Number of protein chains: 2
Amino acid sequence: MTETLPFQDIAALVRPQLDRLNRELVQDLAPGHREMLPLIEHVGGFRGKQLRPMLTFLSGMAVRGAEHGGVLGDDVVTVAKVVELLHTATLVHDDVLDSASVRRRIPTVNQMAGVEVAVLLGDYIYAKAFHMAVQLHDPAAARWLAETVRVICQGEITQVLHRFDFAWTEPRYFQVIAEKTASLYAAACRLGGHYAAGNHGAGGSEVRLRALEEYGLELGIAFQIVDDCLDLDGDERVVGKSLGTDLSKGKITLPLLYLLQRGPGEAERLRSVLGRQEAEALRRLRSEFALEHAVAYAMDEARRRIAKAQASLSPLPPGPARDALHQLAGYVVTRRL
Amino acid sequence: MTETLPFQDIAALVRPQLDRLNRELVQDLAPGHREMLPLIEHVGGFRGKQLRPMLTFLSGMAVRGAEHGGVLGDDVVTVAKVVELLHTATLVHDDVLDSASVRRRIPTVNQMAGVEVAVLLGDYIYAKAFHMAVQLHDPAAARWLAETVRVICQGEITQVLHRFDFAWTEPRYFQVIAEKTASLYAAACRLGGHYAAGNHGAGGSEVRLRALEEYGLELGIAFQIVDDCLDLDGDERVVGKSLGTDLSKGKITLPLLYLLQRGPGEAERLRSVLGRQEAEALRRLRSEFALEHAVAYAMDEARRRIAKAQASLSPLPPGPARDALHQLAGYVVTRRL
């Protein structure tokens with residue numbers, strides 16, 4: 001097994017399922033009022049790497065293993081669609097929170113149609129996702145995902161309440177990113193396994209589902225750490241969205257915690273730098289502090305999390321799907337967008 | 001049966017259930033992180049007349065009728081809690097949309113903790129409500145309410161997209177308020193009946209559930225018309241929230257539609273008046289147009305809807321609960337807050 005399999009080759013393994021998902025989502029989201037159609041179509045443009053549905057599909061395949069065949073039932077596709085819609089709803093609301101104007105090189109909903117429409121459209125997509133989840137005969141996904149969204153919001157609120165809190169600690173930071181980001185990855189993986197196993201219990205032992213959940217959690221934590229690093233040293237033209245906003249928002253990220261821990265007096269120096277206009281704050285941070293060391297420190301942690309995620313996969317039966325999950329985890333720490 | 005039974009006497013019929021609901025909601029909403037507790041407690045202060053849970057309980061009692069006893073099971077309480085939480089979530093987000101600073105004489109969440117926290121807290125409460133709904137063994141409430149929230153958002157988005165649209169029509173106005181306001185009343189009534197009947201089918205025939213749904217829908221439409229009138233001629237000290245904001249937001253309400261229909265040229269005159277600072281626009285509207293006629297026209301429509309709601313109750317067995325629903329409908333058009 002090589003670590004260098006390109007992302008596209010991993011995606012190819014679940015291409016039929018991803019294509020079906022994207023085809024069906026257009027139908028599923030067709031609004032009752034024609035006025036809403038341009039909004040729904042616009043949000044479709046935020047589609048990214050679709051890491052979460054990929055994880056749901058690969059988790060389903062991995063749990064079934066070679067002995068049960070790789071064909072996934074309709075329920076797994078539904079779960080993947082719900083996860084993707086919940087993620088989309090959080091993006092639409094996140095852009096409101098960040099007053100962001102660009103996402104994936106197109107205007108955000110708040111930029112295009114105003115804050116009111118953006119708040120309501122996020123709510124609309126959440127409701128649509130929950131409605132889809134409760135159509136499943138097995139209520140596991142609806143229950144797990146409603147709780148996941150509650151946890152995501154709890155993490156996000158806690159983060160907002162602790163902006164510019166220079167007494168913030170690493171354990172609390174990890175808890176918040178586990179809640180606001182990693183919980184949905186964990187759900188995507190666990191529920192993919194759960195619904196692929198179905199009522200026949202084909203490979204869906206609690207040990208395997210826990211393994212997938214753990215994998216998703218560590219991968220999600222790594223993903224958020226990388227996101228925090230990209231906000232500091234990424235290239236806006238590559239990432240395709242506004243960067244550097246964490247600093248001006250007083251968001252306490254892992255690189256920032258590293259800088260704060262370098263010694264007494266740092267908190268005061270940082271406070272004097274932060275809270276200014278992003279470009280200015282970033283320029284000063286780059287010059288006054290060892291930004292590259294802070295980012296390197298955070299990326300080390302991300303790589304440790306990825307190794308942990310990969311190790312979590314051991315209870316799953318060996319095969320191409322498990323290999324793909326292993327490789328996909330590695331991709332998270334090498335991505336530049 | 002008198003039309004003048006005070007609101008408190010109707011509420012007394014469901015007082016034990018309302019007390020239980022309010023006691024349990026405090027427990028149910030206890031957040032995982034202590035930082036969130038003040039926010040959750042603050043939102044508890046928005047509690048109003050609790051018309052929706054009252055309707056759920058009374059609908060349950062009415063469907064069971066005297067022959068099955070008035071005792072309601074746990075499921076009806078859960079449904080009432082979910083409906084109340086969904087309503088609370090819409091209030092928190094509505095205050096963001098309206099940039100409102102006061103609700104029920106206390107600061108709105110956006111005023112107290114900022115727009116970011118308000119958006120996230122609304123999402124949090126939605127998720128909590130859905131999570132509660134999917135704990136019910138019978139998935140009817142989760143399915144019906146997820147669809148209801150989607151419809152609420154659809155109605156609200158349509159309204160925002162048609163601000164200052166002086167070509168708006170009464171049928172479209174009624175459709176939008178049915179969606180954004182009345183759909184939750186309809187759900188509160190229908191689901192109260194559904195879960196009170198339980199698996200024994202005690203009185204829960206589709207005819208009776210449809211009757212309750214129709215009652216809730218017409219009552220909700222009347223409620224929104226009255227709300228629109230209060231925004232124009234209500235007393236802020238009595239209503240307890242900012243008024244007159246509909247005008248400056250370009251919200252097309254029934255009194256405004258009446259004014260627009262008085263003759264050609266009115267749309268142009270209105271356009272010149274609207275879109276200004278609220279107090280100024282309201283003062284001009286009062287002087288330039290027959291505001292009282294417009295409000296009287298709208299209130300006539302509200303009374304017609306209430307009569308329709310009351311007539312819908314006929315398939316239900318006679319008794320104190322059905323009488324209370326009849327009286328409660330009458331209250332909606334006499335309220336001043």
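Predicted model: local features only at pLDDT ≥ 70, side-chain atom pairs only at ≥ 80, totals over all residues.
Residues are numbered from 1 along each chain as its sequence is written, chains are lettered from A and ligands numbered from 1 in the order in which they are written, and side-chain values use heavy atoms, with hydrogens and water left out.

## Chain A at a glance

Let us start with chain A, which has 17 helices and two strands. Helices (H or I, at least four residues) and strands (E, at least two) are DSSP runs, numbered from the N terminus. Of the 337 residues in chain A, 61% count as buried. Here buried means under 20% relative accessible area, exposed means over 50%, and partly exposed lies in between (1.4 Å probe, protein chains only). Among the contacts in chain A with a separation of 6 or more, 78% come from residues 24 or more positions apart; a contact means heavy atoms within 4.5 Å.

## Where the chains meet

The contact between the chains takes 44 residues from chain A and 44 residues from chain B. The size of an interface is often given as the accessible area lost when the parts come together. For chain A and chain B the buried area is about 4,100 Å², with carbon and sulfur atoms giving 68% of it. This buried area is the accessible area (1.4 Å probe) that two parts lose on being put together, summed over both.

Which elements give two or more residues to the side of chain A that touches chain B? They are α5 (74-97), α7 (115-133), α8 (140-161) and α9 (170-197) of chain A. The largest share, 13 residues, comes from α8(A). By class, that side of chain A has 22 nonpolar, nine polar and 13 charged residues. In this count Ala, Val, Leu, Ile, Met, Phe, Trp, Tyr, Cys and Pro are nonpolar, Asp, Glu, Lys and Arg are charged, and the others, Gly among them, are polar.

Across the interface of chain A and chain B there are 20 residue pairs in polar contact (both at pLDDT 80 or more). A polar contact is a pair of N or O atoms within 3.5 Å; within protein, one must be able to donate a hydrogen and the other to accept it, and residues adjacent in sequence count only if both atoms are side-chain atoms. The interface also has four salt bridges, each defined as a side-chain nitrogen of Lys or Arg within 4 Å of a carboxyl oxygen of Asp or Glu. The side chains of Arg163(A) and Glu116(B) meet in a salt bridge at 2.7 Å, N to O.

## Salt bridges within the chains

Over all chains, the whole structure has 36 salt bridges. Here are some from chain B.

| Pair | Distance, N to O |
|---|---|
| Asp74(B) and Arg20(B) | 3.1 Å |
| Lys81(B) and Glu24(B) | 2.6 Å |
| Arg210(B) and Glu213(B) | 3.2 Å |

Lys81(B) is buried at 5% relative accessible area, whereas Glu24(B) is partly exposed at 23%. By contrast, Arg210(B) and Glu213(B) both lie in helix α9 (residues 206-233) of chain B, three residues apart, about one turn of the helix. Arg210(B) is partly exposed at 40%, and Glu213(B) is buried at 15%.

In chain A, a network of salt bridges links Arg20(A), Glu24(A), Asp28(A), Asp74(A) and Lys81(A).

The side chain of Arg52(B) makes polar contacts with the side chains of His87(B) at 3.2 Å and Tyr185(B) at 3.0 Å.

Glu170(B) lies in helix α8 (residues 170-197) of chain B and is buried at 14% relative accessible area. The side chain of Glu170(B) makes a polar contact of 2.5 Å with the side chain of Tyr297(B).
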